[in-house]
Amino acid sequence: MCTLAPQRVVIGGGVMEQPDLLARVRRDRQALLRGHIQAPELLGGIGAYVAPPVLGRRAGVIGALVLAGRAVATASRPSPTVP
């Protein structure tokens with residue numbers, strides 16, 4: 001987080017279905033930062049900053065379909081000819 005400065009951290013997958021795990025990740029993130037970074041996202045908006053995927057359990061499948069669609073679209077384009 002300190003090096004890359006992401007706008008949001010999305011944590012999903014089966015392990016995140018454990019009760020209270022997301023809350024613990026948020027709490028531990030705050031403790032590790034120890035107030036060194038004074039960004040609004042980290043101070044009062046940690047719930048929106050470290051968040052589950054909006055699409056829930058479907059996020060991985062939908063992401064894979066989007067990537068497959070892009071690959072097909074790229075493969076269908078004619079290759080540019082080089083003189």
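**Largest pocket**

By class, 5 nonpolar, 4 polar and 2 charged residues make up the lining of the largest pocket in this predicted model (Ala, Val, Leu, Ile, Met, Phe, Trp, Tyr, Cys and Pro count as nonpolar, Asp, Glu, Lys and Arg as charged, and the others, Gly among them, as polar). The lining comprises Ile11, Gly12, Gly13, Gly14, Met16, Glu17, Leu22, Pro52, Pro53, Gly56 and Arg57. A pocket is an open set of points on a 1 Å grid over the protein atoms alone, where a 1.4 Å probe fits, with protein on both sides within 12 Å along at least five of seven lines; lining residues have an atom within 4 Å of a point.

**Arginine 26**

Arginine 26 belongs to helix H1 (helices are DSSP runs of H or I with at least four residues, strands are E runs of at least two, and both are numbered from the N terminus). Arginine 26 is buried (under 20% relative accessible area, with a 1.4 Å probe and protein chains only). Beyond residues up to four places away in sequence, arginine 26 touches Ile46, Gly47, Val50, Ala51 and Pro52 (heavy atoms within 4.5 Å).

**Aspartate 20**

Aspartate 20 lies in the loop between strand E1 (9–10) and helix H1 (21–33). Although not a glycine, aspartate 20 has a positive phi of about 70 degrees.

**Basis of the model**

Residues are numbered from 1 along each chain as its sequence is written. In this predicted model local features need pLDDT of at least 70, side-chain atom pairs count only at pLDDT 80 or more, and totals for chains, interfaces and linings use all residues, while side-chain values use heavy atoms, leaving out hydrogens and water.

How values were computed
Buried < 20%, exposed > 50% of the residue type's maximum accessible area, 1.4 Å probe, protein only. Lys, Arg positive; Asp, Glu negative; His and termini not counted. Salt bridge = Lys/Arg side-chain N within 4 Å of Asp/Glu carboxyl O.
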